[in-house]
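Please read the following explanation alongside the sequence and the model, moving from one surface loop to the sheets and then to the charged pairs.

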Amino acid sequence: MTTTISDTETRGDDRESDRYDLDASGGGTALEHVEEEATREATICVVGLGYVGLPLAVGFAQSEYRVLGYDVDERTVDRLQAGIDTTGDLSDEVIQDGDISYTTDANVIGEADYVVITVPTPIDDDDRPDLSYVESAATTVGSKMDPGTTVVLESTVYPGSTREVLVPALEDASDLVAGEDFFVGYSPERATPGDPEHGLEDVVKVVSAQNESVLDDVATLYESIVDAGVHRAPSIEAAEACKVVENAQRDLNIAFVNELSMALDEMGVDARAVLEAAGTKWNFHDYRPGLVGGHCIPVDPYFLAYRSAQDGYEPELVRTSRKVNESVPDHVADMTIKALNRCHKTLRESRVLVLGLSYKPGVGDIRSSKVVDVVDALQEYDVDVAGFDPFADDEAVRDAFGIEVQETLSFEGYDAVVLATPHAEFVDLDLEAVASEVEASPALIDVTGAIEESDAVEAGFVYRRL
């Protein structure tokens, strides 16, 4: 069963009658929870307990909702039940704060007034969006939810996905009709792992829904947990597009400075000095070159490009930005090789230590880290590469990167150091002490420019940076 839902659809008296009929049948409805106090009586099920879903579940629980956290991963749920924060962004104490429980039993979905879906939406090997997790989650939710439930999708998707993928899967599994028997909203996640200043409550929440009445309800729900407030998008498609546009814009801006850095490097001009000088103008946007990894910026532009191409427009700038940023790991490897050559090192006998293996400072997540591409490129030259990261799981790094991983940081015997991810522990390194441990005539490749060039040169390193 499939139904097309319209943003201009409204609930008149006849729709109100349908709503009360649902109440009379025992199903209840999320739309009864309009006032804030009444809303807090609602039960919320968060489907997917990763870096987006877990903070959301905790946020609702801390705001005095009854929260059911559901995930198919038994190991994740076991650790949460044991009081272990699986994201590293919260705390062991916080994940048990409030009326919250964690389970792999999908039957709990039937107890919820609201179901919020926060499952991953990766891209496949051909850079096309993979919405299989959304479809699977919707099938599970649809098979368990009661009439009157409001389902909100938070996963990043291309415009149209809520209507074209989520709703049909919910309807087929539930034998219910969207807009009549259950209600649908969309609110893109804006999580920033490792950034305590921009948590769930600190960032404006974009919300949308199939019509004004549902939008009022969903907005009220999120307003009760987000101090920064909510922005009501005029359509579900606008809310879906805003998320991919946010990150496509960042990708494009970073691609510009990455390409600028590579071009200026060929000219023998210091890109950082150029950016600092240009930055003295009041309207210059401050972006710096670097590896572009993570779950959002390297992925979301493909969602935008995919849907745009489906509708007949090829977004060349978006695709070019992706191509530029995907080329940076090879450029970093080339910089390292050139630095080793300048140090008169034989590549097959050279040993390189990579500092920082996760995709951003302060986190241990190595998924979608572009540092692995730097390592792969160096190994193509038969360079012996090892790594160290104070946050990442050593065994996971060994499996993903295929390199020796230090448990305790040591520079002894290395010809070059690549500072790939500038964790705070690395920025304050005693370069004189490091130089005393490494081999003679060492090189330091500083991907993000976290170290002062003069300090590195004074310590005896051949220094390179993007």
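Val 269 is found in the loop between helix H8 (236-267) and helix H9 (271-278), where helices (H or I, at least four residues) and strands (E, at least two) are DSSP runs numbered from the N terminus. With a relative accessible area of 37%, Val 269 is partly exposed; buried means under 20% relative accessible area, exposed over 50%, and partly exposed in between, with a 1.4 Å probe and protein chains only. Together with Met 267 and Val 274, Val 269 forms a nonpolar patch on the surface, and the accessible area of the three is about 250 Å². Patches are made of residues with over 30% relative accessible area and no salt bridge, like charges being joined within 9 Å and nonpolar side chains (Val, Leu, Ile, Met, Phe, Trp, Tyr) within 5 Å, and the areas come from the Shrake-Rupley method with a 1.4 Å probe, only the protein chains shown counting as cover for residues.

This is a predicted model, in which local features need pLDDT of at least 70 and side-chain atom pairs count only at pLDDT 80 or more, while totals for chains, interfaces and linings use all residues. Residues are numbered from 1 along each chain as its sequence is written, and side-chain values use heavy atoms, with hydrogens and water left out. The mean pLDDT (the predictor's confidence in each residue, from 0 to 100) is 90 for the protein, and 92% of its residues reach 70 or more. Over residues 1-39, however, the pLDDT is below 50, although this stretch has 83 contacts in the model beyond near neighbours in sequence, a contact being heavy atoms within 4.5 Å. Where pLDDT is low, the predicted coordinates should not be read in detail.

Turning to the strands, strand E4 (residues 114-117) has Tyr 114 and Val 116 pointing one way and Val 115 and Ile 117 the other way, and all of them are buried. Strand E1 (residues 43-47) is joined to E4 by four bridges and runs parallel to it, with Val 47 opposite Ile 117; two strands count as paired if DSSP finds at least two bridges between them. E4 also pairs with strand E5 (residues 150-153) in the parallel sense over four bridges, and here Val 116 stands opposite Val 152.

Another set of six strands forms an open sheet with parallel pairing, in the order E11-E10-E9-E12-E13-E14. Its edge strands are strand E11 (404-405) and strand E14 (462-465), each of which pairs on one side only. Within this sheet, E9 and E10 run parallel and are joined by five bridges, Val 354 standing opposite Gly 387 in E10; E9 is mostly covered, since four of its five residues are buried. Strand E13 (residues 443-446) is joined to E14 by four bridges, again in parallel, and Leu 444 stands opposite Tyr 463.

What links E9 and E10 through their side chains? Asp 384 and Arg 351 meet in a salt bridge (3.4 Å, N to O), defined as a side-chain nitrogen of Lys or Arg within 4 Å of a carboxyl oxygen of Asp or Glu. Asp 384 lies in strand E10 (residues 384-388) and Arg 351 in strand E9 (residues 351-355), so the pair ties together parts that are 33 residues apart in sequence. Asp 384, at 38% relative accessibility, is partly exposed, and Arg 351, at 25%, also counts as partly exposed.

A search of the whole structure finds 26 salt bridges. One of them joins Arg 307 to Glu 164, with the closest N and O atoms 3.3 Å apart; Arg 307 lies in helix H10 (residues 300-310) and Glu 164 in helix H6 (residues 161-174), so this pair connects parts 143 residues apart in sequence. Arg 307 is buried at 16% relative accessible area, whereas Glu 164 is partly exposed at 45%. The side chains of Glu 189 and Lys 243 also meet in a salt bridge (2.8 Å, N to O), and both partners are covered: Glu 189 is buried at 5% relative accessibility and Lys 243 is buried at 3%.

Beyond H10, Pro 315 has its place in the loop between H10 and helix H11 (316-326) and, at 10% relative accessibility, counts as buried. Leaving aside residues up to four places away in sequence, Pro 315 touches Ala 305 and Ser 308, while its C-alpha atom is separated by 8.4 Å from that of Leu 304, 11 residues apart along the chain.
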